Amino acid sequence: MLNKIKKFPKIKWALIILLSLFALFFLFFASIYFGAWGQLPSSTELKELKQNRATEVLAKNGDLIGKFYVFDRQPITYKELPTHLINALVATEDARFFEHDGIDNRSLLRVVFKSILLQDDSAGGGSTISLQLAKNIYGRKDYGALGIVVNKFQEAIIAKRLEDIYSKEEIIRLYFNTVPFSDNTFGIESASMKFFGKHTSEINLEEAAVLVGTLKASHSYNPRIFPERSRLRRDVVLEQMGKYGYLTEEEVQEAKQLELVLNYKNYSHDKGLAPYFREQVRKDVSKILDTLKNKDGKKFNIYRDGLSVHTTLDVKMQTLAEEALKGHLQNLQKQHEDAWGSAAPWLTNREIVML
């Protein structure tokens, strides 16, 4: 063998180049693995994942009337995820999720062969749910020209560690609790409440397909802003569910006939029911929290710690009171305009609503 290599110097140099490239690749990967590009989370840190959570403000009967948050997120358990929601996610984002260990080698090979060699843009991505979870939790950093490669390797290492620590069901739960949806919403529970006014456990097949469909591009498929585009993307999710055996063809076609119906609720601090009451609640709760410490000895944070604040507010009575006040003020404004002319402003529509 050595004699043949000596006789053919081109083979010799080809082997040297190949081995050199392999060594460089190994060193590059090792530099990422051992933290030269930034420290990666340890297994201990991954076992104690904690995300910022919105604090909920609840009425007397338990209805959600407002939130305080940096990121609009309310984590839920795996049992609260409907089967059709899980199936929609797997069918659309990672069909072999239950078969791989965080990295889907078949998908990666397909992407490399079709996208790079054949220049086929329809090849799709090789990202798995576990890889997406790693990106959702830790984000991506700017490493210059090598940024995308470094970030991809980091996500792959974290994804493998996640798969070693958590079961597939736990990874699904973590994913749904961290993934960003449209309108600056994080996690499936907040998205379900915002777009459909329902808890995640209550959303139907069509609604689940809409929310999963937004994951491809949360702005472009925002059902509030682009309802028709969102509906078409929903149909793609339904077709994927049919392709992988989660739905029959009849069920797919039946669901595709449904109109996209939202029950949008934006839990803003200055909109919705009783905004001034909720602001006073925020002030009072903040004062109380200043006197308390969590198990780590740190002060609670009303915007990050996912607290539940129970109030005495009666939703029905508050709604009737606000409607009565708004109607009375509108009558007073009309009388004012009749007396002084419409050119004399008194209360704007926004001021009436705020009152």
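On helix α12 (residues 249-256), the exposed residues E250 and E254 sit on the face turned away from the buried side. Exposed means over 50% relative accessible area, buried under 20%, and partly exposed in between (1.4 Å probe, protein chains only). Helices are DSSP runs of H or I of at least four residues, numbered from the N terminus. The model is predicted, so local features need pLDDT of at least 70 and side-chain atom pairs count only at pLDDT 80 or more, while totals for chains, interfaces and linings use all residues. Residues are numbered from 1 along each chain as its sequence is written, and side-chain values use heavy atoms, with hydrogens and water left out.

The buried residues of α12 are V252, A255 and K256. They lie on the same side of the helix because they cover an arc of only 100 degrees around the axis, taken from the directions from the helix axis to the C-beta atoms.

Twelve salt bridges occur in the structure, each defined as a side-chain nitrogen of Lys or Arg within 4 Å of a carboxyl oxygen of Asp or Glu. One of them joins the side chains of K160 and D101, at 2.6 Å from N to O. K160 belongs to helix α7 and D101 to the loop between α4 and α5, so this pair ties together parts 59 residues apart in sequence. K160 is partly exposed at 34% relative accessibility, and D101 is partly exposed at 39%.

In another salt bridge, the closest N and O atoms of R234 and E206 are 3.0 Å apart. R234 lies in helix α11 and E206 in helix α10, so the pair ties together parts 28 residues apart in sequence.

Methods
Helices (H or I, at least four residues) and strands (E, at least two) are DSSP runs, numbered from the N terminus.
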